[in-house]
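User: I would like a close look at a single part of this model. Which residues face inward there, and which face out? Then carry on to the other parts worth a look.

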Amino acid sequence: MRDTEMCRQLLGLKKPWDVSRVQVDTQSRELHAYLGTGKKWFGRKAIERPECRWRHANIGEYKAFIHASLPEPSDGPDDNTQLAFLGSVESDFTHGLAQRVIECLRAGLGYRQVCSLLEIDVHLAWQIRHAVTHGQLTGEDHGTLFKLETDDEVNPAAQAIPPTGDPAWFRLLESERPIDVGLLGLKLLLARSRQEFPRLTTHDAKIIRVNAIRRFFIKHESQLSHEIEQLNDFRQHEQVQVS
């Protein structure tokens, strides 16, 4: 069986969704599935939308990542943007992974146990917690919300890197204010992103670019303490302006 067909079955995809390609990294135990809906969406020509990347629940021993463009939202229970293998533009996780986290919490596990069991980092766990407690995920009972609000196991350091929707990221990419960067990879990424950011015409495209920068900060957090301090200066400056 081809990798794409096996992945399609494991993800439970139904038409018009399909797997265009699968990329497997055995060393890092990562599986990247690239999904699409073809040229048409229920008989209509699909509008080209920016591609997102989300962490999904593991597939076997591999950490699964979904790459796809969100379809146009629709009203009612058939809203295809709420499928388990998709997520929102602002998040780094799929609805399916969020549901797995919530199920583990309902079963009595703490956040550290959930992170270990599902092999997710504390930043992603905090992002899911934030989405649930702020009503961004539907269908959660009061017991789950209470546990999330009173659970102190999430590392406070996870909040040092702002969430995707924080205005600090927009100030960082829209401002010409210099930032002292020691890591060459981040220096190049920021230079390119600052050049391209003003040309992005939709909010979704800008959020996706912010997510790419934020993932870099998370991946290299131990090497970016000085840069994270400067990023939070952008954050505090925004809060002062608002107040």
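Analyst: The buried residues of helix α3 (residues 111–118) are Tyr 111, Val 114, Cys 115 and Leu 118. Buried means under 20% relative accessible area, exposed means over 50%, and partly exposed lies in between (1.4 Å probe, protein chains only). Because these four cover an arc of only 100° around the axis, they sit on the same side of α3. The arc is taken from the directions that lead from the helix axis to the C-beta atoms. The helical repeat is the background: an α-helix has 3.6 residues a turn, so residues three or four places apart point the same way. On the other side of α3, Arg 112, Ser 116 and Leu 117 are exposed.

A word on the basis. This is a predicted model, where local features need pLDDT of at least 70 and side-chain atom pairs count only at pLDDT 80 or more, while totals for chains, interfaces and linings use all residues. Residues are numbered from 1 along each chain as its sequence is written, and side-chain values use heavy atoms, with hydrogens and water left out. Helices (H or I, at least four residues) and strands (E, at least two) are DSSP runs, numbered from the N terminus.

Now step off the end of the helix. Just after α3 comes Glu 119. Its phi is positive, about 60°, although Glu 119 is not a glycine. Most residues other than glycine have a negative phi, and most peptide bonds are trans. Glu 119 lies in the loop between α3 and α4 (122–133). With a relative accessible area of 28%, Glu 119 is partly exposed.

Arg 29 also has a positive phi, near 55°. Its place is the loop between β1 and β2. At 30% relative accessibility, Arg 29 counts as partly exposed.

Next, the sheet beyond that loop. Four strands form an open sheet in the order β1-β2-β6-β5, with mixed pairing. Its edge strands, β1 (18–25) and β5 (51–59), each pair on one side only. Two strands pair if DSSP finds at least two bridges between them. Neighbouring strands here are turned by 20° against each other on average, direction ignored. Strands β2 (residues 30–36) and β6 (residues 62–69) run parallel and are joined by five bridges.

Helix α1 (residues 3–11) lies across β1, β2, β5 and β6, at about 105° to β1. Axes are lines fitted to C-alpha atoms, for helices over the stretch in contact, and angles run from 0 to 180 degrees between N-to-C directions. Thr 4 belongs to α1. Thr 4 counts as buried because its relative accessibility is 14%. Neighbours within four places in sequence aside, Thr 4 is in contact (heavy atoms within 4.5 Å) with Val 19, Ser 20, Arg 21 and Val 22. The loop between α1 and β1 holds Pro 16. A cis peptide bond joins Lys 15 to Pro 16, with omega about 10°.

Last, the whole chain. There are nine helices and six strands. Of the 243 residues, 44% count as buried. Among contacts with a separation of 6 or more, 57% come from residues 24 or more positions apart. The chain exposes about 13,700 Å², and carbon and sulfur atoms supply 50% of that area. Accessible areas come from the Shrake-Rupley method with a 1.4 Å probe; for residues, only the protein chains shown count as cover.
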